[in-house]
Amino acid sequence: MDKTQPHPLFKLATELGPLLVFFIANAKYHLFVATGAFMVATVVAMIASYVVTKHVPIMALVTGVIVLVFGTLTLVLHDETFIKVKPTIIYGLFAAVLGGGLLFGRSFIAVMFDQMFNLTPKGWRILTLRWALFFAGMAILNEIVWRTQTTDFWVNFKVFGVTPLTMIFAIAQMPLTKRYHLEPVSLEASEAEAGDVRQG
């Protein structure tokens, strides 16, 4: 069953909205209030996505669960470490799933990205490897930032650093997706090809 395709602005709002809430709450109050607001905004974003599209992307679902788990630990134990290490866990998990899938000859990037592209097997493998390395690099970068910088700097990096880096990396993959794009075969073309084979 085809999924309802939301307006690009709606998709952007559900992805960036919780981060902006997190940033504003941290600037106005402190990290613990921001963490609670971030958890609520994440749940609202997932509900809105399901109401509009009848579907929640796997990446958003996994991220949401981890946000709720580590956010709860942050608030209950009153320890900033959990919310700060949360991105490391998410990026590390994505890198492990993608990299592990490649070791077994599987490309899970199509599932992660909700099959946004139609690529050849080689194209999927290359794209998967690149994203696995990107996520691994982001996990390391997050660890470096939160362990060496202030909380406010880390929040700014999370909102205004991670998002642009991810968008730039995604845009940089466009030549790859065009190079290995697989043109869909229409039903008429398939029948014509089958007819040629029978005639031959």
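The axes of α2 and α3 come within 10 Å and cross at roughly 155°, which makes α2 roughly antiparallel to α3 (over 145 degrees counts as roughly antiparallel, under 35 as roughly parallel, 65 to 115 as roughly perpendicular and the rest as oblique). This is a predicted model, where local features need pLDDT of at least 70 and side-chain atom pairs count only at pLDDT 80 or more, while totals for chains, interfaces and linings use all residues. Residues are numbered from 1 along each chain as its sequence is written, and side-chain values use heavy atoms, with hydrogens and water left out.

**How α2 sits on α3**

- α2 passes α3 in a left-handed crossing (the near helix is turned anticlockwise from the far one by less than a right angle; clockwise would be right-handed).
- On the α2 side, the contact (heavy atoms within 4.5 Å) is made by Phe 32, Thr 35, Gly 36, Phe 38, Met 39, Thr 42, Val 43 and Met 46.
- Their partners on α3 are Ala 60, Leu 61, Gly 64, Val 67, Leu 68, Gly 71, Thr 72, Thr 74 and Leu 75.
- Sorted by class, the contact of α2 with α3 has 10 nonpolar, 7 polar and no charged residues (Ala, Val, Leu, Ile, Met, Phe, Trp, Tyr, Cys and Pro count as nonpolar, Asp, Glu, Lys and Arg as charged, and the others, Gly among them, as polar).

**How α3 sits on α4**

- Helix α3 spans residues 58-77 and helix α4 residues 81-103; they pack at an angle of about 155°, with axes 9 Å apart (axes are lines fitted to C-alpha atoms, for helices over the stretch in contact, and angles run from 0 to 180 degrees between N-to-C directions).
- α3 and α4 are therefore roughly antiparallel to each other, and their crossing is right-handed.
- From α3, the residues involved include Met 59, Val 62, Ile 66 and Phe 70, and from α4 they include Phe 82, Ile 89, Leu 93 and Phe 94.

**Where α4 meets α7**

- The axes of α4 and helix α7 (residues 151-160) come within 12 Å and cross at roughly 30°, and the crossing is left-handed.
- Ile 83, Lys 84, Lys 86 and Pro 87 of α4 touch Thr 151, Trp 154 and Lys 158 of α7.
- That contact of α4 with α7 divides into 3 nonpolar, 1 polar and 3 charged residues.

**Residues to look up**

- Lys 54 is in the loop between α2 (31-53) and α3, and has a positive phi of about 60° although it is not a glycine.
- Lys 54 is exposed, with a relative accessible area of 60% (buried means under 20%, exposed over 50% and partly exposed in between, with a 1.4 Å probe and protein chains only).
- His 78 is in the loop between α3 and α4; its phi is near 50°, a positive value in a residue other than glycine, and at 56% relative accessibility His 78 counts as exposed.
- Val 65 lies in helix α3 and counts as partly exposed at 47% relative accessibility.

**The whole chain**

- There are 10 helices and 0 strands (DSSP runs numbered from the N terminus: H or I of at least four residues for helices, E of at least two for strands).
- Buried residues make up 36% of the 200 residues.
- The chain exposes about 12,000 Å², and carbon and sulfur atoms supply 69% of it (Shrake-Rupley method, 1.4 Å probe).
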